[in-house]
Structure formats: structure tokens, C-alpha cells
Amino acid sequence: MRVAFMLNGRKVEAEIEPRTLLVTLLRGSFGLTGTHVGCDTGQCGACTIHLDGRAVKSCLVLAAQADGREVLTIEGVAAEGESGGENLHPLQAAFRDRHALQCGFCTPGMVMSGLDLVAHLDSPDEAAIRHGLDGNLCRCTGYRPIVEAIAQTLREKG
Amino acid sequence: MFPFDYIRPQSLAEAVAAHDGLERRYLAGGQSLLAALKLRLAQPTALIDVARLPELSGIDIEPGRLVVGAATTHAILAECREIAALAQLAGSIGDLQVRNMGTLGGALANADPAGDHAAGVLGLGADIHTDRRVIAADDFFLGMFETALEPGELIVSVSYPRPRRAGYAKVRNPASGYPVAGVFVAETDEGVRVAVTGAASYAFRLTDFETALAQDYSPAALEGLTVPADELSRDLHASAEYRAALIPVLVRRALGQGGEE
């Protein structure tokens, strides 16, 4: 079957088997390997992307379900800079400033869930942020700097 | 996953016509179904994607009732403050990503013994509207992963009566996030209802607790009431006795949250 959707602001198309997972399509066909496969069972959140502006686990979504919708991956989060580089999103900059990553494996998923929280939470309430990160596992940081990075971005948003 | 065909009908009528009543399955958010397919626990010949059907979308605020489309995600329901206890329940399901994809109708049709929504529909005495009839919540859950839905029958919406007050309390398994036990308590025009999920093969009501709370909607009314452990689940997360001890505690907590609606 054929699917077509918006991927990081550009229209893409692909011929797929109906059982193809969205994460498989993103990584295998489009080379967007920033979306990680940690557990492949929907537990770890490393494969989190946005579907129509909401964080979802791309290992628990069929590529066919994305047809006609908007997909955002970690590669589409930073804006293009003037000198060909990238201007980090404020949340990515906050992750860097707060040392919110160590090995980096969970980081793309953390940023994508964090962006959802930055968009939908009213205030930088720590309990709400931690509740929102329930679906993302990190084995390095102990979560505190990640929570702080999201809270900082929420405060800056005002 | 075994191979399957993918069908996305444009209307409710098309969706129901596409179901053969045998080997095909409806797909809503897929947060339980796709996980099951990955484990090869099911082998449907086709998935019929109903997540975007207009008939299953949207929340209607009616006098005395809230009618929620079956394809409404837990996240959207959590943001709808019309029935605060229901919003709180929806906001406590799974995790952020599951709530953004998983749907009310999908959760009810799946009928996981630890599903949160089972407590909500049973506790409020909701009506489940399908493509062919209306099923009262009391008649909907028949067993573990078993409902009154006929083969090919599709949930279209759930109509909740607006409670005077209601609350939901649960203890989550820290690993899975599913309730070890969850209790929804509500007072509606029809009376007081107490529904329990996660503690047995399917959600059930505590009628003796309901009778006591109808007299006095407060923890004091529950003095001396217990839950027999005989028919409760026992697994590696909790013994039946533990769940029996937990349920009255959760009833009290749910009462404590029961702000005026």
C-alpha cells in the first residue's frame, strides 16, 4: 500500500507493507535514525515522535496510521541556522545547559515528550512534568536534570 | 506481526460493512492491539482503522449528559473538564504517549481486566452506543477481555450521566502503570454507584457499599463493610487478600476527591 504524509514539514511518500511500523519507515526508508528503538514493546519511549502535534510511540503506530497526517521527529525540531548549522530549540538548549543527557539514547524521545509537555502544560509544576515523563525511561540521569530542563523551558515560555 | 491488510473506511456504514465478523479487527489507537499483534497473540486478516471516522469523533455536552465519541483519545478526554473525575481518570491512564493515541472505545472494546475506563463507565452508569444498539454499562463487561459486543459490532460513543459528585482512586502497578485496583465512586440522579477495576476478571460494583453511601456519602458510612477476597485476582503483583484490603481504602480516597461537579 501507499502512504503519504508530512514529515518534518516536507511531503513524503512510500510504498509499504500494511504491517510496517512507523518507526521502521522513519529509520529504514527515510534514514531518520534519531528516533531510537529501545524496547520495541511500547515501554521505553525512545521512539517517541509527534503525530499531529502530540507525542506518540512510533513503535506502537502503524505507518499506515500516519497517512495524511503530520509527523515530527527529533531531526525536525531545531530550526535551520543562517550559516547552514542548526539553531537548537529552547528545550534542546535547556537539555544542554542542564546536563539533561548522558549516554543520549533516551534523549530524542525525552525531547519529543518534553515538547508535548511544553505545549500543553499550564505551569512548570514538577509533579505534572514527572507524570508526563512516565512513558520515557532514562537509565543515566536520574531524571532530575530532564525535569529541570522542561520546567525551565516552560518558565521561559511564560 | 503476521501480515494483514489495512482498510481505512470513510464512514461508520463503510466500516461496519468492511467487517466480516470473523477474521477482521477494528483498529482505533492500537495501543493494546498492536502490542498484542507484535506478540502474535492474534492473527487478523485485516485491520479496519476507525480512528478518524467522523461519527466516532467529538464530545457533545448535552443537558445532564456528556456524550463522548468512541475515537476520543484519553488525552482529549483528560482535557475536557465537564466531568472532573472522568478527566482525572483519563489523565491517569498509561502514559503521555498512550493517552495521545489510545481511545475510549478501543479501551472498552478491549476490556482489559485492569482498564481504567471500565471503572468510569460502570461507576457512572454510562450507556454504550454501538452501530446497532445501546448497551448499559452494567450489561457490557462479561469476562476477562470479553464484552457484550457481537462480532463486527462497533462502539460509536459513550453517554455519561453528569454526576452530582464523583471521584476515582487507584493504586498503580509501578512497572506496568495498570491499576492493581481502581475505584470509581459517583452520585448521580439515579443514586450512588461504586465500581472496581483491576481486582477481578472484569469490573464489578460493590452494591453494599452503594447502599451505605446512599444514606451517607462519607467514609463514616463504610464502617464495618469489607470486600470478600474469594473472587478477586491473585497474581505476582498482589494477593487477593491484599486487593480485598485495598478496595475499601480506595473507596474512601475516591470519596475524598468527590468535589461537587
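Predicted model: local features only at pLDDT ≥ 70, side-chain atom pairs only at ≥ 80, totals over all residues.
Residues are numbered from 1 along each chain as its sequence is written, and chains are lettered from A and ligands numbered from 1 in the order in which they are written.

Chain A is divided into domain 1 (2-76) and domain 2 (83-157), with bounds that come from an automatic or database domain assignment. In chain A, five strands form an open sheet of mixed pairing, in the order β2-β1-β5-β3-β4; strands (E, at least two residues) and helices (H or I, at least four residues) are DSSP runs, numbered from the N terminus, and two strands pair if DSSP finds at least two bridges between them. The edge strands, each of which pairs on one side only, are β2 (10-15) and β4 (54-57) of chain A, and from one strand to the next the twist averages 40°. Strand β1 (residues 2-7) of chain A is joined to β2(A) by six bridges in the antiparallel sense, and here Leu7(A) stands opposite Arg10(A) in β2(A).

Helix α3 (residues 107-120) of chain A lies across β3 (48-51) and β4 of chain A, and runs at about 40° to β3(A); axes are lines fitted to C-alpha atoms, for helices over the stretch in contact, and angles run from 0 to 180 degrees between N-to-C directions.

How many residues of domain 1 of chain A are in contact with domain 2 of chain A? There are 14 such residues in domain 1 of chain A, and they meet eleven residues of domain 2 of chain A, where contact means that the C-beta atoms, placed from the backbone, lie within 7 Å. On the side of domain 1 of chain A that touches domain 2 of chain A, the elements that give two or more residues are β3 and β4 of chain A, and β3(A) gives the most, with three residues. The centres of the two domains of chain A, taken over C-alpha atoms, are separated by 20 Å.

In chain B, strand β3 (residues 46-49) has two partners to follow. Strand β1 (residues 5-7) of chain B runs parallel to β3(B) and is joined to it by three bridges, with Leu47(B) as the bridge partner of Tyr6(B). Strand β2 (residues 24-27) of chain B also pairs with β3(B) in the parallel sense, over four bridges, and Leu27(B) stands opposite Asp49(B).

Elsewhere in chain B, Ala195(B) lies in strand β13 (residues 191-197). Ala195(B) counts as buried because it has 27 C-beta neighbours inside 10 Å, the limit for a buried residue being 20 or more other C-beta atoms within 10 Å of its own. Leaving aside neighbours within four places in sequence, the residues in contact with Ala195(B) include Ala119(B), Leu122(B) and Phe184(B).

Finally, the contact between the chains takes 22 residues from chain A and 18 residues from chain B. The elements that give two or more residues to the side of chain A that touches chain B are β4 and α3 of chain A, and the largest share, four residues, comes from β4(A).

Notes:
Contact = placed C-beta atoms within 7 Å. Buried ≥ 20, exposed ≤ 12 C-beta atoms within 10 Å, placed from the backbone.
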